[in-house]
Amino acid sequence: MSQGEAERTCLWEDGLRECVLGIVGTGPGFAALAALAEEHDLEEFLPPMRLAGVACTPEQAAARGLDRRGTAHYDSWRELLAAHPDLTVLVDLREERLGLTDLRTALPPQVSLIDRQAAVFLCALHNMHRAGAHTRTRLGHSRALLDAVVTQIREDILLLDLQGRVLDMNPHVYQRTGRPKEELLGQPCRQVQTLARGVPFCPEPCADCPVQATLRTERKAEARMTRVSPGGELLYFRVYSYPIFDERGDLERIMVMRRDITTRTRLERERQQAEKLSVVGEMSMYLAHEIRNPLCAIGGFITALGRSPNLDAADREKVEIILAETRRLDAMLTSVLNFARPAAPGHSDADIAPLMREAAELMGIGYAGQGFRFACEVEPGLPRAAMDPDRLKQCLVNLMKNAMEAMPGGGEIALHARREDDMLALEVRDRGHGMSPRELDQVFSPFRSTKAGGYGLGLAMIRKLMDEAGGDVRIASTLGQGTSVTLLVPAVLSMSWSPSPVPEILDDTLPRDEAEAAPGCAPKD
């Protein structure tokens, strides 16, 4: 026997031809045998099988519906053999064993005989096939459901080995890279995960990487991470890693899921800021009553004292210092009060083109000599902005001042107005030093400022005014490249537009003129 023949352990591998089947009787097992001959998906496990005919009584043929199924039937097995000389297998399902010897004797050499006892194995094969088909169907449904879930959810999902190499991923991961999935399999995780435009999510190994934590502890780990998009916007992510164990309980794989929580985090920050502003508003009324009145008296007395001819130079210098500090406290208190008090309702809209040009010209007149240039570009045909023009101009001026402070050596500050759906986008861009992710994260927080001597109310006040007008503020910044702040203002798309009235809240703890008076209001001589 050759080596090739020895390796063939199954007769089917020897190339058996089609199995032509004949059945004698229609007893138990007939339906299973008939199904085996008709189910073509069994050809993966069995040679092709065809039912040639059945030997049975007319009553049995009618009970089994052989005419309806188009199956030939004969009154005796002798007629069956005569009608089908190509028969290769004959199965005897008769309950009585009388005549079985005659049947064996009469069969031609090429026909194999299977009696009723041996036919049970064919019936068992049919039952196993049905159970397997049911299992495959359920497995197919489960796999289709899993594929749909993994494909449709918005999170990035990766399967890693214990060396951090990618074994599998959902389409969101490789579609963002612009490369085929096959190219990315086997690559380290940090070379596969990207932001928009293929920018690496982890350009360097992360100290707080949850994958490394799961490798150390064999437990679920998670981390909140911030990244800066290619456009300079701050993005927030939550990264989870889950251990996957084998049958013995050993760590085998790690599943990583990355969720973009930017929108949710921004909304949560805005909610927290609104709560803080509410507290500031309540405190400001208390401050106006408890601090501003004595501050006003101190300022008045110090001013009167400063006019006294009896002061020597040293005492006069001390008085001037006290007066300067009093005015500084008043400026801070005024900022707090202005920030906390809702703006008075505006009843006019703004024409964007002349407004932006006026703001740029105003800044150019004052600061062109310091090396600053203000370029203004407005898309033609823009609708009017649904916001008071004075407040909108003040927001633009404040943004340009911030841009100048980011460019101490001078340079160009660009203003651009365009339409975005039903909003007008007014952008102020500089090429200054930019901001770090930490500074971006806190840029709208009240009383936080990177400027010396500032109170941190500039951008917070601008956002407050935008919120009251139904707009928004977008900021994007990259260290060493500059900052872009965009005001999103509702556009007037209908002549029937009118601003919603904002109720003015007055300080009922003080007379209005007293609450708005400066602490340096010394009594006049």
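Predicted model: local features only at pLDDT ≥ 70, side-chain atom pairs only at ≥ 80, totals over all residues.
Reader: Is Cys-202 buried or exposed?
Author: Buried, at 13% relative accessibility. Cys-19 is buried too, with a relative accessible area of 16%.

Reader: Switching to rings. How many aromatic pairs turn up in the whole structure?
Author: Two. One of them is Phe-201 with Phe-237, edge-to-face, 5.1 Å centre to centre and with 90 degrees between the planes.

Reader: Where do Phe-201 and Phe-237 lie?
Author: Phe-201 is in the loop between α10 (189-192) and α11 (210-217), and Phe-237 is in strand β9 (residues 234-245). So the pair ties together parts that are 36 residues apart in sequence.

Reader: And are those two buried or exposed?
Author: Phe-201 is buried, with a relative accessible area of 2%. Phe-237 is buried as well, at 4%.

Reader: What about Tyr-240 and Tyr-242, stacked or edge-to-face?
Author: Stacked: 6.4 Å centre to centre, 20 degrees between the planes. Tyr-240 is buried at 11% relative accessibility, while Tyr-242 is partly exposed at 24%.

Reader: Back to Phe-201. Which arginine lies over its face, at 4.4 Å from the ring centre?
Author: Arg-227. The charged end of Arg-258 also sits over the ring of Phe-201, 4.5 Å from its centre.

Reader: New topic: helix α17. How many of its 11 residues are buried?
Author: Eight, so the helix, residues 458-468, is mostly covered.

Reader: Which ones?
Author: Leu-459, Ala-460, Met-461, Ile-462, Arg-463, Lys-464, Leu-465 and Met-466.

Reader: What comes just after α17?
Author: Gly-470, with a positive phi of about 85 degrees.

Reader: Another glycine, Gly-381. Where does it lie?
Author: In the loop between β11 (372-378) and α15 (389-405). Gly-381 is exposed, with a relative accessible area of 78%.

Reader: Last, the whole chain. How many helices and strands?
Author: The protein chain has 18 helices and 15 strands. Of its 525 residues, 39% count as buried.

Reader: What does the accessible surface come to?
Author: About 30,500 Å², of which 53% belongs to carbon and sulfur atoms.

Methods. Residues numbered from 1 in each chain as written. Heavy atoms only, no water. Buried < 20%, exposed > 50% of the residue type's maximum accessible area, 1.4 Å probe, protein only. Helix = DSSP H or I, 4+ residues; strand = E, 2+ residues; numbered from the N terminus. Areas by Shrake-Rupley, 256 points an atom, 1.4 Å probe, with all protein chains shown as cover. Phe/Tyr/Trp six-rings, centres within 6.5 Å; stacked < 30°, edge-to-face > 60°. Lys NZ or Arg CZ within 6 Å of the ring centre and 35° of its normal.
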